[in-house]
Amino acid sequence: LAADTVVAVGRRVLPKAETEQEARECLRLLSGRSHRVYTGVAVKTDTVIRERLVETRVAFKVLRPAEVEAYIASNEWRGKAGGYAAQGLAGRYITSIIGSYSSVIGLPLYETANLIEAARS
């Protein structure tokens, strides 16, 4: 089983933020906009690889500078696709999710379960 997630705003793929500057830039781009979260998941057996790409649309509220700085200070953004963790403090910035919440936090559970079930048959 393998999975990975990327966040895209328009045509731009955001990094997995490693520095405060990268995280600030991600939050600036996400503020007041919707973006897409793509998670690819694959299950490999001895004979076949089954895979699925899950797309979820997420919208953020307009972030005030103090909110951005508080989130940066939390360090929760480190190594996260798009510089945020929906399951943590950044969840309060999300105004809507269309698609798979579990995909946004890293593993699309429904799709993964179906892939595993198909691999067993």
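Modeller: I start with the charges. The chain carries 17 positive and 13 negative side chains, and 5 Å separates the centres of the two sets. Keep in mind that this is a predicted model.

Next comes the overall build. The chain has four helices and five strands, and read from the N terminus the order is β-β-α-β-β-α-β-α-α. A box of roughly 50 × 25 × 25 Å, taken along the principal axes, holds the C-alpha atoms. The chain has 121 residues, and 37% of them count as buried. Among contacts with a separation of 6 or more, 65% are between residues 24 or more positions apart. The accessible surface is about 6900 Å², and carbon and sulfur atoms make up 52% of it.

Now the part you asked about. Three aromatic pairs turn up in a search of the whole structure. One of them joins Phe60 and Tyr93, with 6.4 Å from centre to centre and 55° between the planes, a tilted arrangement. This pair brings together distant parts of the chain: Phe60 belongs to strand β4 (residues 49-60), while Tyr93 lies in the loop between α2 (65-74) and β5 (94-98), 33 residues apart. Phe60 and Tyr93 are both buried.

Tyr93 also pairs with Tyr71. Their ring centres are 6.0 Å apart and the planes meet at 75°, so this pair is edge-to-face, since planes over 60 degrees apart fall in that class. Here too distant parts of the chain are linked, with Tyr71 in helix α2 and Tyr93 in the loop between α2 and β5, 22 residues apart. Tyr71 has a relative accessibility of 1% and therefore counts as buried. For Tyr93 the relative accessible area is 6%, so this residue is buried as well. Taken together, Phe60, Tyr71, Tyr84 and Tyr93 make up one aromatic cluster.

Side chains of opposite charge can pair when their charged atoms come close. The whole structure contains eight salt bridges. In one of them Glu69 meets Arg24, with 2.8 Å between the closest N and O atoms. That bridge ties helix α2, the site of Glu69, to helix α1 (residues 20-30), the site of Arg24, and the two residues are 45 positions apart in the chain. Glu69 is partly exposed because its relative accessibility is 38%. Arg24, with a relative accessible area of 25%, is partly exposed too.

Glu25 counts as partly exposed at 23% relative accessibility, whereas Arg28 is exposed, with a relative accessible area of 52%. Glu25 and Arg28 are also joined with Arg12 in a network of salt bridges.

A further bridge involves Glu67 and Arg64, where the closest N and O atoms lie 3.4 Å apart. Glu67 is buried, because its relative accessible area of 7% is under the 20% limit.

To return to your request, the cluster consists of Phe60, Tyr71, Tyr84 and Tyr93, and Tyr93 takes part in the tilted pair with Phe60 and in the edge-to-face pair with Tyr71.

Note on methods
Residues are numbered from 1 along each chain as its sequence is written. This is a predicted model: local features need pLDDT of at least 70, side-chain atom pairs count only at pLDDT 80 or more; totals for chains, interfaces and linings use all residues. Side-chain values use heavy atoms; hydrogens and water are left out. Rings of Phe, Tyr and Trp (its six-membered ring) pair if their centres lie within 6.5 Å; planes under 30 degrees apart count as stacked, over 60 as edge-to-face and the rest as tilted. Buried means under 20% relative accessible area, exposed over 50%, partly exposed in between (1.4 Å probe, protein chains only). Contact means heavy atoms within 4.5 Å. Accessible areas come from the Shrake-Rupley method with a 1.4 Å probe; for residues, only the protein chains shown count as cover. Lys and Arg count as positive and Asp and Glu as negative; His and the chain ends are not counted. The place of a charge is taken as NZ of Lys, CZ of Arg, CG of Asp or CD of Glu. A salt bridge is a side-chain nitrogen of Lys or Arg within 4 Å of a carboxyl oxygen of Asp or Glu.
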